[in-house]
Amino acid sequence: MAYRGGGGDGQHPSASLSYVSPGRLSTCRTCTHNICMVSDFFYPNMGGVEGHIYQLSQCLIERGHKVIIVTHAYGNRKGIRYLTNGLKVYYLPLKVMYNQSTATTLFHSLPLLRYIFVRERVTIIHSHSSFSAMAHDALFHAKTMGLQTVFTDHSLFGFADVSSVLTNKLLTVSLCDTNHIICVSYTSKENTVLRAALNPEIVSVIPNAVDPTDFTPDPFRRHDSVITIVVVSRLVYRKGTDLLSGIIPELCQKYPNLNFIIGGEGPKRVILEEVRERYQLHDRVRLLGALEHKDVRNVLVQGHIFLNTSLTEAFCMAIVEAASCGLQVVSTRVGGIPEVLPENLIILCEPSVKSLCEGLEKAVSQLKSGALPPPENIHNIVKTFYTWRNVAERTEKVYDLVAGEAVLLMDKRLDRLISHCGPLTGCIFALLAVFNFLFLMFLRWVTPDSIIDVAVDATGPKGAWTHQSPYRKKVDENNEVSKTR
Amino acid sequence: MCAQPVTNTKEARWQKVLYERQPFPDNYVDQRFLEELRKNVYARKYQYWAVVFESSVVIQQLCSVCVFVVIWWYMDEGLLAPHWLFGTGLASSLIGYVLFDLIDGGEGRKKSGRTRWADLKSALVFITFTYGFSPVLKTLTESVSTDTIYAMSVFMLLGHLIFFDYGANAAIVSSTLSLNMAIFASVCLASRLPRSLHAFVMVTFAIQIFALWPMLQKKLKACTPHSYVGVTLLFAFSALGGLLSISAVGAILFALLLVSISCLCPFYLIRLQLFKENIHGPWDEAEIKEDLSRFLS
């Protein structure tokens, strides 16, 4: 695939590209892209970002794009792996520094990432999560190489403390010359626009999604003689586990036939255990520990009411999953949560024990009076809200838009860095950008793009990984190379 | 990005919800964008003279360090006899002790439940031990060079000033560490004095000025602010006078430091408030305002 956009330093010698291009272009739609998802967070790590990247990639492949994923090595899982539909994942040998995020020097990852971007003929770099150093590195390198960049922000930050002031400055630097930014909720968009001092026009809101077929109700799994409240979250401060430790004794004293099921693990588990011990609630409060994603549904369907006590949340997939399983959701009114579900499906409370208890009591009384719609009906409403196909469709529009934009030339980029990020930070990062460019020049001199092998396109239902691939013979030699790598 | 007709966007009102497909592009910016943004919610309004008054705590501590060093210098030069210092220190401590109870009418004592006998006991124990160990203190740092001792004392006194509890609620504040650093500095300096009696008197004086004096100050400030201002001024002038007798340049610099801390810094603080831009909004992490420990205790 030919390079688009044509940044000054992005024009590669295209002689080597042409011999794979014609065949592929003829079958592709005119607007397919070669997308590289970059994030420190991917399977086998579990979480919202990981699932988002995987599902989005699968749906984009379905729509005819070529997608690869780049992440860092997880223990023994290193090198190249292929997932469903030939989704290729590069696990790069980079050192993990903290919380599964790699260390960054802004330079050390350039040789590897450049090699991947060139051999995979990537046109758009899509980085995920502002916690991921690798994602920011990739954005930095991609801009140096003249590739289009998209960034998805999955989290909310404050503005008050020192650490957020510093990270917000880095985000400003990282996003000031990024083509387009995607946020998962309107609150998240407001937050990102403020943090990185962005033009809101280049920030799109595309929510997360939930696979509704994974989260189906099963009313026979729950016992209607008792009321069960389900909580599924990591047991950490930010998820409001402290609030939960106040709610449990309060409600258990009030309602004798009320049980709690709590799924998830974390440092705050100990306070729940203390509460359970102190109030003798061993038979009524079940702590399940860490749950695998596939088990979440089986836990959810055992309950009547889902409780979310998060103190901050950009989107909150958990409440959508719970609603999709037909549970009545009670949640704190923080972050983007009020945008996620319509008022008749969620009871919003202030983040305090008193307010949450009132919310839960309201849900219990509705349940007892039979005012709640049956789970099947809730499921049927919720399943239309968020689907990955819709997310992919909207993300594709962002790619189309970005592909038509020009990447900033080096001089413009330096101007932008200096004018946008403040005199000191701007100049420092402009200097780093120049060094990065010189490093890239050096790498191109050592290994010219023309002698880097082109990787075989493995993705899609007709990709090289299947036996019906029409290009299998054509790119056989490349195939050999990429297999041995 | 959605190719929707423009007329449609005018009819439908944009909602801040994600679950509905709205006839707007994904990067649409509504007028309501950032409407929940709040600025400087918790910002405080400062009054100039109130800030000046509060800055007196810093002035007091700087003066304490200054007075301590001046007294040490006089002792080292042999201009001040240890008996005199001990006598004056004892007398002022007694006056301070009486004042300490008089100011609040004995309320603080009732609250803490501490008897006078206990006070006397700890004072006696302390004086006996310091006196007994003063020959050891004297020879303790003999093998260390005098320059090292001076450098160490300077760092320790600076540390004392940095970590002192000026009433701010910050992680760096540690009154224990602060007091320990001051005592360590006094031990260092005392070891360079001519005799062990000097060392004993010096350490006792350090305890009085770094441990007991701030306690009395705190009470003065809380109960009788006017007399506190008077005491601060008096203390500052006596520190300046003492320094002047040693070095005129030092006294001028010290006076400039005091003036800038008590007058210029508050002025700057108030001026800089104008540039304060603290942003709050729905993305802020919620604070748990209740006391949840009651469920566990």
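Q: How much of residues 81-100 of chain B is helix and how much is strand, and how far apart are the end C-alpha atoms?

A: Helices (H or I, at least four residues) and strands (E, at least two) are DSSP runs, numbered from the N terminus. Over residues 81-100 of chain B the chain is 95% helix and 0% strand, with the end C-alpha atoms 28 Å apart. This is a predicted model, in which local features need pLDDT of at least 70 and side-chain atom pairs count only at pLDDT 80 or more, while totals for chains, interfaces and linings use all residues. Residues are numbered from 1 along each chain as its sequence is written, chains are lettered from A and ligands numbered from 1 in the order in which they are written, and side-chain values use heavy atoms, with hydrogens and water left out.

Q: Which residues of chain B does UniProt list under "transmembrane region"?

A: UniProt positions are given in the numbering used here, feature names are shortened, and annotations may be inferred rather than shown by experiment. For chain B, the unreviewed UniProt entry lists residues 48-75, 81-100, 120-137, 149-168, 175-193, 199-216, 228-246 and 252-270. Among these, residues 228-246 of chain B are 100% helix and 0% strand, and their end C-alpha atoms lie 27 Å apart.

Q: Where does UniProt place the "transmembrane region" of chain A?

A: The unreviewed entry places that feature at residues 422-443 of chain A. The chain there is 95% helix and 0% strand, with 31 Å between the end C-alpha atoms.

Q: At what angle do α16(A) and helix α17 of chain A pack?

A: Two packed helices are described by the angle between their axes and the distance between the axes. Axes are lines fitted to C-alpha atoms, for helices over the stretch in contact, and angles run from 0 to 180 degrees between N-to-C directions. Angles under 35 degrees count as roughly parallel, over 145 as roughly antiparallel, 65 to 115 as roughly perpendicular and the rest as oblique. For α16(A) and α17 (residues 423-446) of chain A, the angle is about 155 degrees and the axes are 8 Å apart. The two helices α16(A) and α17(A) are therefore roughly antiparallel. A crossing is left-handed if the near helix is turned anticlockwise from the far one by less than a right angle, and right-handed if clockwise; α16(A) passes α17(A) in a right-handed crossing. The contact (heavy atoms within 4.5 Å) involves residues including A:R413 and A:L417 of α16(A) and A:A430 and A:F437 of α17(A).

Q: Is the crossing of α5(A) and α6(A) left-handed or right-handed?

A: Their axes come within 10 Å and cross at roughly 30 degrees, which makes α5(A) roughly parallel to α6(A). The crossing of α5(A) past α6(A) is left-handed. A:H136, A:L139 and A:K143 of α5(A) meet A:L171, A:S174 and A:L175 of α6(A).

Q: What else does A:D177 form a salt bridge with?

A: A:D177 also pairs with A:R413, the closest N and O atoms being 2.9 Å apart. A:R413 lies in α16 (residues 410-420) of chain A, so the pair ties together parts that are 236 residues apart in sequence. Buried means under 20% relative accessible area, exposed over 50%, and partly exposed in between (1.4 Å probe, protein chains only). A:D177 is buried at 10%, and A:R413 counts as buried at 2%.

Q: Which residue of chain B forms a salt bridge with B:K219?

A: The partner is B:D104, with the closest N and O atoms 3.0 Å apart. B:K219 lies in helix α8 (residues 196-223) and B:D104 in the loop between α3 (82-103) and α4 (107-112) of chain B, so the pair ties together parts that are 115 residues apart in sequence. B:K219 counts as buried at 15% relative accessibility, as does B:D104 at 18%. Elsewhere, B:D101, B:R109, B:R114, B:R116 and B:D119 are linked in a network of salt bridges.

Note on methods. Salt bridge = Lys/Arg side-chain N within 4 Å of Asp/Glu carboxyl O.
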